[in-house]
Amino acid sequence: MVTDKGPPRKKNLVKNESIKNVKNLDASLLQATLESTADGILVVNGKGKIVTCNQRFRKMWRIPLSYMKSSNDEKAINHVLKQLLNPEVFIEKLGQLYAHPEMDCFDEIEFLDGRIFERYSIPQYINNEIIGRVFSFRDVTRRKQMEEQLFLQATCDPLTGLPNRILLRDRINQEIKHAKRQHSKVAVLFFDLDRFKLINDSLGHNIGDLLLQEVSQRLKKCIREEDTLARWGGDEFIIVLRNIDYREQIIPLITECQEILAESFYIDHHSITMTSSVGVSFYPMDGKSTTVLLKNADAAMYTAKADGRNNYRFYTPHMNDQAVEHLSFANDLRKALDDNEFFLLYQPLIDLKTQRIVSAEALIRWSHPIRGLVSPLDFIHVAEETGIIQFIGEWVLKTACEQNKLWQKKGLGPIKVAVNVSGIQFKQNNIVQIVSSALSDSGLEAKYLDVELTESSIMGNNHIYIATMNELKKMGVGLVIDDFGTGYSNLGYLKRFPVNKIKIDKSFVRDISRDEDDKAIVQAIIAMAQQLKLRVVAEGVENKEQLDFLQTHNCDEVQGYYFSPPIKSEEFGELLLNQKNKSFIEPLSEAEFNILHVEKD
Ligand code: C2E
Ligand code: CA
Ligand code: CA
């Protein structure tokens, strides 16, 4: 049946339908918009009750669908809280937003499982009236992880995982601020491993790296959680200690660190012993800024090293002068080759059977315009530390070979020339090349050159050094173990090394006429050398008793002030000429000896 009211009703119906349709359209558009964003969206009313949310929100917060369908807000919120690292902070923030509905908020939420969400929230208005709030959550876990990784890369030392220089500076800055507030002191300890370079060069960088890792582990054990241990670079570590009341308070810690580092390290079948030198500066007494504190701790460390290593020093103002001096010494040394400040002296080695000079040991001297004559004992180690030894060593080899060739050309030879080669230089892979150039450039035959190496310099990466020695031997160059008895004193290794000669260290020769132990040692070394068919030399022979003892026990060669100190090449030429004419070398007179002795000691 069609009534009058029909059409209008129909009209209304259509209108209502279309309003409903428009509303549905709005709602579906809204929902589609909500669902299309990558963020989790939640809308709550003025009472904090959930009005709507998108699927992403539910998934991000891992809320079961049933909770949402049943509008069980309490269950949902409890579920959320259980996942958070700091639920109290979360609740507190919600409280704040409830109390201040007009507030915007932007912060981060951390989860127990490591996820991190960014939360952005703004009030929802209708006609200037707040009717609720919209939250949007973004999962930034990956971005945060990458940021953290970048931060670690920029602030941590990759080898040890310790803070690097950048982070260390930041930590010291913080400690200074803290100490200012607390009226306390900060200690900056500068650790440097003694002779690490030697270990690194002899055992290889891999072992050096493992050693540094182990060192960092050991040092970590000595400090409190609130202190900082950082790697400054190379073999240098820094410890920063907070809440220090007086200087002496830190001595037990330094001792503990030094003792723990002195215990043997066992790395890849090598037993390595190690000492360390430590310099300390204190805030505020030794510096008010990070830079000054570090610089002064470094200067104190340098003094500890110069005072014989394996100890510690607290900074005092004059130490900077010493550090500056060390730098200028190294700079002068660098220039010395170009400025022709080095020269060689030669000391004869005498064969005891024939009483003839059979060899000349080349000994370097540095004549500096202001410093005067500098002993190799004072500069070789600096040259080794700075790498300059490579150039000095090359010059010594070349000059000594040329000199020996010159004596031969003058008809004074032939004798050998013995050149000291530093362990650092020996381990450079071009040593064979350098020796061979020195020989070919000078025209000296290889059999007239001896290379002197100390025991410690050929220990370690044995097979490489043995290969180098074999190459030198194949060329015809003689190999001498210098300062024998002072290093490892492991006679077994001698069999494996292709050496020709051993040189008994002068410390054993010195007391040979008085000390029964030294007598026994020298006798034993000679006997062993004879068994291994090696020539044996005693160095540092200063008097007749020593000579007699050595002669009686069949030592092959001697060297020392008793015959001649190291002398200039011209004087040495005269000795050779003298020998040529008279067939033997005369010992020094008593008076000559005394002059030498006083000068030398
Ligand atoms: P070394 O190789 O053991 O050299 C022997 C040292 O003993 C020399 O000291 C020599 O002057 C000294 N000497 C000689 N006879 C006697 C003596 O009768 N009594 C005493 N007490 N000493 C004596 P020097 O010339 O001061 O050299 C010291 C060290 O410096 C050398 O010890 C060597 O290790 C190093 N050295 C010297 N020249 C060179 C060089 O050209 N290259 C390298 N790498 N090292 C060098
Ligand atoms: Ca020597
Ligand atoms: Ca020696």
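**Reading ring contacts and a calcium site**

Author: In this predicted model, Arg496 sits over the face of Phe497, at 6.0 Å from the ring centre. Lys568 likewise lies over the face of Phe343, at 5.7 Å from the ring centre.

Reader: How is a pair of aromatic rings described?

Author: Such a pair is described by the distance of the centres and the angle of the planes. A search of the whole structure gives 22 aromatic pairs. One of them joins Phe57 and Phe137: their centres are 5.7 Å apart and their planes stand at 40 degrees, so the pair is tilted.

Reader: Which parts of the chain does the pair of Phe57 and Phe137 tie together?

Author: Phe57 belongs to helix α2 (residues 55–60) and Phe137 to strand β5 (residues 129–139), so the parts tied together are 80 residues apart in sequence. Both Phe57 and Phe137 are buried. Ring pairs also link these two with Trp61, Phe90, Phe111, Phe117 and Phe135 into a cluster.

Reader: Is Glu539 buried or exposed?

Author: Glu539 is buried, because its relative accessible area is 7% and buried means under 20%. Asp483, at 23%, counts as partly exposed.

Reader: What does Asp482 bridge?

Author: Asp482 bridges the calcium ion (ligand 3) and the calcium ion (ligand 2), which lie 4.0 Å apart.

Notes
Residues numbered from 1 in each chain as written. Chains lettered and ligands numbered in written order. Predicted model: local features only at pLDDT ≥ 70, side-chain atom pairs only at ≥ 80, totals over all residues. Heavy atoms only, no water. Donors = N, O, S within 2.8 Å, 3.2 Å for Na, K, Ca; no water. Buried < 20%, exposed > 50% of the residue type's maximum accessible area, 1.4 Å probe, protein only. Phe/Tyr/Trp six-rings, centres within 6.5 Å; stacked < 30°, edge-to-face > 60°. Helix = DSSP H or I, 4+ residues; strand = E, 2+ residues; numbered from the N terminus. Lys NZ or Arg CZ within 6 Å of the ring centre and 35° of its normal.
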